[in-house]
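Please read the following paragraphs with the sequence and the model side by side.

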Amino acid sequence: MEKAKNLSPDLFKPAQIEKKEQDALSRKSVGYWQDVWGRFRSNLGAVLGLSLIVLTLLLAIFGPLANNYDWQTQMLDVANKESFSDHYFGTDHLGRDMWQRVWYGAKISLTIAFLAAFLDVVIGVTFGGISGYFGGRVDMVMQRILEVMYSIPNLIVIILMLLIFDPGIVPVAIAMAITGWVPMARVVRAQVMKLKSQEYVLAARTLGASHARILLKHLIPNVMGPIIIAVTFAIPSAIFFEAFLAFIGLGIRPPEASLGVLINDASTYLQIFPYQLIYPSVVLSIIILSFNLLGDGLRDALDPRMRK
Amino acid sequence: MLRYTLKRLGYMVVTLWLIITITFFIMHLLPGTPLKNEEKIPPQVREQILEQYGLKDPLPVQYVKFMGNLLQGDLGKSMTLDGRNVADFIVEGFPVSAFVGSQAVIFGTLIGLLLGTIAGLNRGKLVDNAAIIVAVLGVSVPSFVMGGFLSYFVGVKLQWLPTGLWESYESSILPSLALSFGVIAQISRYVRTEMVEVLDQDYMKTAKAKGLNRSTVIIRHALRNALIPAVTVLGPLAVNIITGSLVIEQIFALPGLGKFFVQSIQQNDYTMIMGVTVFYSALIIIVIFLVDLLYGLIDPRIRISGAKE
């Protein structure tokens, strides 16, 4: 205290800092998606999932180029042989090359899953967006429809739909999308309801933007995160259902091949030729696993609040 | 609580009616008649068969008849299996499916609970990571893949347990095990997440500060609260088990309802498909209804917000 009294005011002078300098940012600003990428990259499971997905996609597209067979030519003289020369995965009971069939099947399964997920997004976002944005009576009615849809077991709907349609890639995807969009609609509705009272929506409306424009250009882009998460979880469940349907004889049918068809074929000969079951099963499980890992990672990265 | 129950009950009835109606019309809009070897049947016999199954009445009449019979528990006769009653198949097959399914749920829940609790208590440690890996694998590997592998390695290679034939209790072990992996994964995942959350709560500090011993704190205070949200998984879980049983019963050749159902789909046995579909829908919807009620009973917060609506 004594010492403090000895200090004279002229020892101090105001620091000279330019106004501009004060405002300058000391480090580079990080955008939302950069931030997400940063969190995603540091998550081992998520990176592993993404790498596995890229790998299976590449193999499904370019894998068949690795040997000179195709997925449907029968070579009965070499039937039921385990991996030999350039039949990397061996041959099945009709002498068809398993390597070709597994990747062809993976391509079909993935196509169905992506198509189903795409339909989920289109229907779910439209329904959820309209329901959440307009609210009131519109929302009331749409919610009741959603609740009934939600309580109808999707297994039953899919089976019924496939009894009417001829099984094929598009019908299977449509059948899955009929109930598949419901979770998507719920997510989008909840988010849109939360966001629609934000200032930027009010600003857009004051400037005379139409409802459609507000919904499409202002609200949906801000709901992208939850939509992406929902898609990553919709894909593995579609792949599972495709395999399941093929297994009970309702999905893709032989001679067409999907992973489900291959697993079904192989399970007949399981006791004698187990390798025929192992390859498609492992590929199927890896695809589902990697999408689940990716989904978990994206959820943590896109919405850190949900992280536990 | 009463209002909540009634509201849920209302939804249940509407949903069920909707499913039955949709199923009925879809089955009748299908092209062709559900007769085997249609070309070979002489026209008179054909007429007679159609008459016998009531397929010549106008559609609305058939619908009313069908609904009337359904309310009396009559699901019609199978079209391929010697005209036996569909209800008989359900009575015959369902106990097998239910036994294998409930065994899977009970076993899976116990193991899942144990795994989830241990993981939650040792957050971030090796045990925790191992449990997470088991959970992700269990969710990702479909039960029919699991069933195939179990059947080959345990049944064919090691010869420990029977893989086909429904003879003794042992026949049910492998199928139940195959179904239980998904249950273990889902339950342990939920319980772990909830456990981690509950352990941070103030009442846990209070319980410890009171000087209660560790096991009392974990079982009476932590686990009890962690279990509430885990009850919600039971509904989807039951649905998964039913879906899984359709395939598992094929793999292990069990004489359960799932096997009859798949068979009827493959043979276009319309009355059978319709009957079993209605049965499955009712089963799934009732299970989900019961789980919701159970949840409401356990967690008072749901009851109150339900009553406010």
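This is a predicted model: local features need pLDDT of at least 70, side-chain atom pairs count only at pLDDT 80 or more; totals for chains, interfaces and linings use all residues.

Residues are numbered from 1 along each chain as its sequence is written, chains are lettered from A in the order in which they are written, and side-chain values use heavy atoms, with hydrogens and water left out.

Over all chains there are 18 aromatic pairs, meaning rings of Phe, Tyr and Trp (its six-membered ring) with centres within 6.5 Å, called stacked if the planes are under 30 degrees apart, edge-to-face if over 60 and tilted otherwise. One of them joins W99(A) and W103(A), edge-to-face at 5.8 Å centre to centre and 75° between the planes. These two residues lie 4 residues apart, about one turn, in helix α5 (residues 98-134; a DSSP run of H or I of at least four residues) of chain A, and both are buried (under 20% relative accessible area, with exposed over 50% and partly exposed in between, for a 1.4 Å probe and protein chains only). The pair Y133(A) and F134(A) is also edge-to-face, because the ring centres are 5.0 Å apart and the planes are at 80°. Y133(A) is buried at 5% relative accessible area, while F134(A) is partly exposed at 39%.

A further group, F240(A), F241(A), F244(A), F247(A) and F144(B), forms one aromatic cluster. F244(A) and F144(B) are, with L284(A), the residues with the most contacts inside the largest nonpolar core, which has 152 residues; such a core is a set of buried Ala, Val, Leu, Ile, Met, Phe, Trp, Tyr and Cys residues joined through side-chain atoms within 4.5 Å.

Finally, 35 residues of chain A are in contact (heavy atoms within 4.5 Å) with 42 residues of chain B. The one salt bridge found across this interface (a side-chain nitrogen of Lys or Arg within 4 Å of a carboxyl oxygen of Asp or Glu) links D296(A) to R189(B), with the closest N and O atoms 2.6 Å apart.
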